Amino acid sequence: MKRIRPSSLLRRPVRVSPTTLQHVHRRTAASLSQRPDSTHLKFPGALTSPFSNTMKYEVPSNYPALPTYRAIDQHGVVVDPNFEPDMTEEDVIKHYKDMLTVSIMDLIMFDAQRQGRLSFYMVSAGEEAVSVATASALTKDDVVFCQYREQGVFKQRGFELSDFMNQLFANVKDPGKGRNMPVHYGSRELNIHTISSPLATQLPQASGAAYALKIQRMQNPEMPPRVVAAYFGEGAASEGDFHAALNIAATRSCPVIFICRNNGYAISTPSLEQYRGDGIASRGLGYGIETIRVDGNDFWAVREATKKARELALQDGGKPVLIEAMTYRVSHHSTSDDSFAYRARVEVEDWKRRDNPIARLRKWMESKGIWDEQKEKEARDSIRRDVLKAFAEAEKLKKPAIKNMFEDVYEELTPDLKAQMRELSEHLDRYPEEYDFGEFEGGKASLEQ
Amino acid sequence: MSRYLRPAARLAATARTSALRPATASPFLSRAAVIPGVQRRTYADASGVKEYTVRDALNEALAEELEQNDKVFILGEEVAQYNGAYKVTKNLLDRFGEKRVIDTPITESGFAGLAIGAALSGLHPVCEFMTWNFAMQAIDQIVNSAAKTLYMSGGIQPCNITFRGPNGFAAGVGAQHSQDFSAWYGSIPGLKVVSPWSAEDAKGLLKAAIRDPNPVVVLENELMYGQSFPMSAEAQKDDFVIPFGKAKIERSGKDLTLVTLSRCVGQSLVAAENLKKKYGVDVEVINLRSIKPLDIETIIKSLKKTHRLMAVESGFPAFGVSAEILALTMEYGFDYLDAPAARVTGADVPTPYAQGLEEMSFPTEGTIEQQAVKLLRL
């Protein structure tokens, strides 16, 4: 969009703000000039470009693809000589169980949707490591924006099975008060913004939240250093919002970690039809952002990369980092999709068998002697029991209070809404035998102001 | 925009909805059961009338225009390989190839811009949005480029483009995906906006949109795709078009004029029939078909006969299509009104996800009937 502001036509005085002083953000472009006989270009838009006497276009295919970092291989064997696991045995097992929990919950809820007990569900099979391992490298104070396939992030940060179920069944304990489709989780306690349907809109918002964290800490250095983690898929990266987000985060030096789950498919569209460049990672470099591509099926690689990303994001007063985690969407896109219409069943089976993030960490744990078949069976059985228990409990809970339908359209109830609430209350008083409030929390009393 | 609000979600939801709003209630649909996703074209009867679903009608319109004019092509998310998120573009890739039926990356502003660019260069693109809710990412392209370039370029750059996709609420998809954009696009000079109800509407208006040299916004309705309607022999021909700016009187009457559009036409017809049965009143139902230009002449002509008017639509009440109809009625037909004109619209709330509340957020046959009873003081 082009905006013509009269003021921009005038020469503006250079504003010296705390931001520009603290960071390498000085607006020196105005004083640039081309010196005679220099070997480098000194235009404001390209500061270190050497002159060339050969007219030649750069061809993307002449550049090798960015490498994919692995700490352990498909067999769970360590391949990075510098890799040192930095978790206790209990912690590794806890994270393994988080992945297992998400995967078991997904299977049960997918079936529950098929049985008509839920209107909708989205599974994350094949991508458990990306969400659990990235989350493991963040602090509780960090702020998270998810897309919609990051159950693992919620689980790792302390979302209980009951929290998932309460949202899915839109009962009285659903923090969203039953206003959202299933899987639109959110948690103030865990610093995770509520999932919003429109794709990629979370990305510029994440840059903005990171900017806010940075300014807050400038104003109050006592605050702990914090970053924002923003999740998205490779399909979402085609939206304009993705590009806007990366560019604004880079130019405003925002401490945000962009985490791309490149799972090969955007509903039916394979990555190869989504873009022609070297994945999403190559774009980070274009925006001047430090970038890594990791094997998203490798729990340790993803964790190591995110630890480093957090460190980088807090350097130099804050800057964005991009992680592209390569995975495979084993699952259908959602309960609304049958992916075998556009990909071979054998392709999916192959990935499930050959390389799966849960199996890979399990192999590593077994090689360390901290896990075995027996423990696996026990863990699976107990998680399954817990999921079903939480499921049954949530299904039984009451619906949100009637008054909730008037609230939160605006911060305060408007006079109109108050009048409507009163009217409803009077109506219900007049015809008590016509309505059953039994299934709503607090019954009719919730309408009393 | 969110990719996961996909047809099957609506299928599940439709099943749910149809239990609540039985399609059999409509005497106007000779085939009551709605089976989405299934092609249901039947053999012609003696008069040449065939049953078409709205989906089939749209599909036929697209196929005929692709066939007749090699400047026409379709692009959008999932329109080719997947046959369209709602199967409106079924078989078109196989028939016309990948130069004419094009899958795009998930970038509404990108592919809408690309389509407008192609139109400014002389092609006649049909740009599908998976739903109009997602087109909000592209509204700058539609409003500031498609609608204005002809004017701003001094008339040298026409933009023959058709934007189409489902509009309005579906079922169980929450506040961000249940919006009706009729009033938004209807307010923009430079755009033409149509909204079909029946299969004939769908075919005739879409074909007219593709042939029209201006940018046209076609607001379809997801809940209508699987509905069947009789299609006349004339409408089955490949040169059938419905002129813009011309409303259709779907049912004639002398006691009340119901002005409505899209899915609400069917609901209004049911309400009209019930009003006849219960109260013996004759309600005239006008299917707008075209939002911009708006056929105020037909509305006022009807008002002169009935002296009472009610507008019915599923958009938000404030600054909406009904508000416009009531204002125009007041401007051109005030002296013919025997009672204040009234409107039945969607509720002024973010659309609730809860099924019961969602049901109450939009006009039903019952609300239309009740409001008419009030207006007529029956």
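## Close-up views of a predicted two-chain complex

**View 1. Chain A and its interior.** Of the 449 residues in chain A, 43% are buried, a residue being buried if 20 or more other C-beta atoms, placed from the backbone, lie within 10 Å of its own. This is a predicted model, in which local features need pLDDT of at least 70, side-chain atom pairs count only at pLDDT 80 or more, and totals for chains, interfaces and linings use all residues. Residues are numbered from 1 along each chain as its sequence is written, and chains are lettered from A in the order in which they are written. Chain A holds 15 helices and seven strands, which are DSSP runs (helices: H or I, at least four residues; strands: E, at least two) numbered from the N terminus. Along the principal axes, its C-alpha atoms fill a box of roughly 95 × 60 × 50 Å.

**View 2. Where chain B meets chain A.** Here 34 residues from chain B and 32 residues from chain A make up the contact, with two residues in contact if their C-beta atoms, placed from the backbone, lie within 7 Å. On the chain B side, α1 (7-20) and α4 (108-120) each give at least two residues; α1(B) has the largest share, five residues. The predictor assigns the complex an ipTM of 0.78 and a pTM of 0.85.

**View 3. Confidence along chain B.** Take some care at the start of this chain: pLDDT, the predictor's confidence in each residue from 0 to 100, stays under 50 over residues 1-39 of chain B. Chain B as a whole averages a pLDDT of 90, and 88% of the residues score at least 70.

Note on methods
Buried ≥ 20, exposed ≤ 12 C-beta atoms within 10 Å, placed from the backbone.
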